[in-house]
Amino acid sequence: MKKVLFVLFAANCALSSMAQVKTAVSEFNVAGPYAIATPFAIDTVDVQGKKFDPNSQLGAIALTSQPTGKFAGGVLPSLPDSKSVGVLSFYVNNADFIKGKVEVKGPKHAKLYIDGVEAGGELKLAPEHHTFTVQYLAEPKDTDSIQVVIDANKAVAYTLEKQHPYMVHDLTDGKRVRGINVSADGQLVCVSYQTTDRGGNSRWNYELRDAKTGKLISQPSRNPRWMPKSCAWLEEEKEGDKRVLYRVEPRTGVRSRYAYDVPEGGYTVAPTEDYLIITKEAEGPKEDQDVFEVLEMDDRQPGWRKRSYLVKYDVKTGISQRITFGNKGEYLSDISQDGSKLLIISNRSRLTKRPTTVSDVYVMDARTLQVDTLLSGAEFLGSGSFSPDGKQILFTGNPEAFNRIGCVLPASLTPSMTENELFLFDIASKQVTPLTKDFNPSVESVDWSWADGQVYFSAEDKDYVNIFTLNPKTGKITQLPIQGDYAYRFDMASQAPVLAYLSYKTMEPASAYVATVNSKKSTFNGQRTMFDGKEALGDAEIGTCQDWNFINSRGDKVYGRLYLPKDFDASKKYPMIVYYYGGCSPVSRYFESPYAPQYWNSLGYVAYILQPSGATGFGQEWASRHVNTAGRGPAEDIIEGTKKICEAHPFINKEKIGCMGASYGGFMTQYLQTQTDIFAAAVSHAGIANHTSYWGEGYWGYNYSEVSMANSYPWSHRQLYVDQSPLFNADKIHTPLLLLHGNADTNVPLIESLQMFTALKLLGREVALVEVTGENHHILDYAKKEKWLATQMAWFQKWLKDDPTWWDALYSKKHL
């Protein structure tokens, strides 16, 4: 049992939240004491004329020294025959903002630190797991005692245990597994890690391990780039102005030169390892920087005028030659297993008809450079890869690809362009076979194995991401028995049926696994954990998650999840945060989202995440509900689900429900407030307020409208673009609304939040706008992200807990 200690000097613990409450801390973890000596003094003052200060010796030991015991009142521990320094510590886990004062009483020489920073008398504690540390200096005969007194706006609980609720720095800090790749023969695997310290300093490290035993072999200084055929990797060096690739034997570290004077650009090693295909860029025509012509909407994007082309580099001779030429740009999609064929795709604009980008697909003879044009102006197509024998191509695309051959919807319905299918294209006959037409999950990453001839792919499977095998001869699809709930990255050995992957559990950071696949049975002959995600949790403790689905008024099953705090008490009333996307993909079980229900739980909220209609992963019909609805339907699911979950759970305070979303979810947040008054507070990050302006503003506004407003335009479908834009319904919004936006957002420009902010200000409604300087659609800078996250939760504390203390500390009242 963990011990939580309270010492209250207040006469009445039931005072209002605004009353000051004193907490006396007299029990601590202790490290030391450790002997120190006063420096030999040649003079009585230093070079600045100052006398020696005993407090300068308080830095003699680290604040992070591991405790050696406990201390509870009485005389501070000291040494009988030497001056000494000791470290006392305790922890505070606060779910609400705490404001007040703190004082250290007793020792003649002591310093207080909070989270490693020396603290003065003023106390401002954002909700977090805080470490309080006191360094003290003791003489052999000292009889000092100690007491830390916290005088705050509410009672403060302190503990001597490291275990703590999952807080914001557990989300941003610590060690995480980020990558995994396997050698060609499947015998070795490299796992990549990123470790972030408090404050944002980040470092990467790599581990080379035996795939079967997990034994650590070495720790490379960089992430290996495996060769496609031999068990070796390539390392790149600069020798003068020459780019050189070295082949490295992984078990011995022996290096040998592989390629010299390699042209700059990204490269792909041929499966035969005798040549490289390098992607280079040609600069487009320059304009006057002060007054210039914009050729089309995408011309606003940096680098849009650059065009890629391909170069073949022969490893034996060192000769390189350009193999593609044109003004549209080309990229390499695949190389056949025997190295004889290149699959090349060129994309070009066609603005007058949806889709506005089409693809030309070519097969090039790698030796003669002769080209066969397979497809010209192909619509709704993704990437492609050769079959092991080079006679077929596996394409990804949405249900409208190849004249809707993979579509199950009637002609009157437009599929979602973000719902992905697989198609088998026979090169000789040009016949197309849809492979996933009746398969509801939406395809993500794909690998056609040379080792066993099976197609391996990951797919959104409702709000999970699973890995599947597909037999291209029979069309049979089988789910592999992977660990975890969200397989967000996988790698197949090129010459062996070995699968390496990373996967999150719903309530746990990602783990790394390696498995040997039995392709005949689509099972694993063996599976080993290379990194356990529990390690990334450290001392943080999380609550629980349970599926909570409901049948909506249209008879559909709407999936969702209910998150409860660790110390959940059903007899209490909890405020709730509802989160959704409402756009073209589900809110997955990805554990490290900045919109983290496990963090909200630690602040005293229950959380409800749901998957309204329009999301991929539930089949083509469900995904198509995102098209030409502009929020109608998905919003109804969110409102209905919120009401039903409150009815089913009396512990939810239905008067204190907040909602939050980002991007299309930010639009959904604004739109919801025009449709319902069930929310007590709302947060919209980078939300679309006006479909007509977003359509022409952002870098991808008109592109995304191809998905969400297919064949509908502001001049032809006013009902979608105007009537269902939150801005044109702003007078219906009465919910306190926080608008968050990076002011360098090129996806959803800041003007979207500015328009809604202006409208609600003129209407006299509760609204706040917070800009994040220099950040784009995602808030990535560590310090800015920290305050951005705090801003969200301070808003909810103000409106869902009736406590504006945190908000006022972040954004003080202005008398203007």
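Visitor: Which residues does Tyr599 touch, not counting residues up to four places away in sequence?

Guide: Tyr599 touches Tyr166, Met167, Val168, Met793 and Trp806, with residues up to four places away in sequence left out; contact means heavy atoms within 4.5 Å. This is a predicted model, in which local features need pLDDT of at least 70 and side-chain atom pairs count only at pLDDT 80 or more, while totals for chains, interfaces and linings use all residues. Residues are numbered from 1 along each chain as its sequence is written, and side-chain values use heavy atoms, with hydrogens and water left out.

Tyr599 belongs to the largest nonpolar core, which has 113 residues. Such a core is a set of buried Ala, Val, Leu, Ile, Met, Phe, Trp, Tyr and Cys residues joined through side-chain atoms within 4.5 Å, where buried means under 20% relative accessible area with a 1.4 Å probe, protein chains only. The residues with the most contacts inside this core are Met576, Val578, Tyr599, Trp600, Met668, Met793 and Phe796. Helix H12 (residues 782-800) gives the most to the core, with nine residues; helices here are DSSP runs of H or I, at least four residues, numbered from the N terminus. A second, separate core of 25 residues includes Phe28, Val92, Ile98 and Phe132. In soluble globular proteins, nonpolar side chains tend to be buried together.

Grid points are joined across faces, edges and corners, and a volume is the space filled by probe spheres set on the points.

The largest cavity has a volume of about 80 Å³. Its lining includes Ala630, Tyr664, Ile688, His691 and Tyr721. Helix H8 (691-697) and helix H9 (701-708) are the elements that give two or more residues to this lining, and H9 gives the most, with three. By class, the lining has seven nonpolar, three polar and no charged residues; Ala, Val, Leu, Ile, Met, Phe, Trp, Tyr, Cys and Pro count as nonpolar, Asp, Glu, Lys and Arg as charged, and the others, Gly among them, as polar.

The second largest cavity holds about 40 Å³ of space. Five nonpolar, one polar and two charged residues line this second cavity, among them Val75, Tyr136, Asp142 and Asp144.

Notes. Buried means under 20% relative accessible area, exposed over 50%, partly exposed in between (1.4 Å probe, protein chains only). On a 1 Å grid over the protein atoms alone, a cavity is a set of points where a 1.4 Å probe fits but cannot get out, and a pocket is an open set with protein on both sides within 12 Å along at least five of seven lines; lining residues have an atom within 4 Å of a point.
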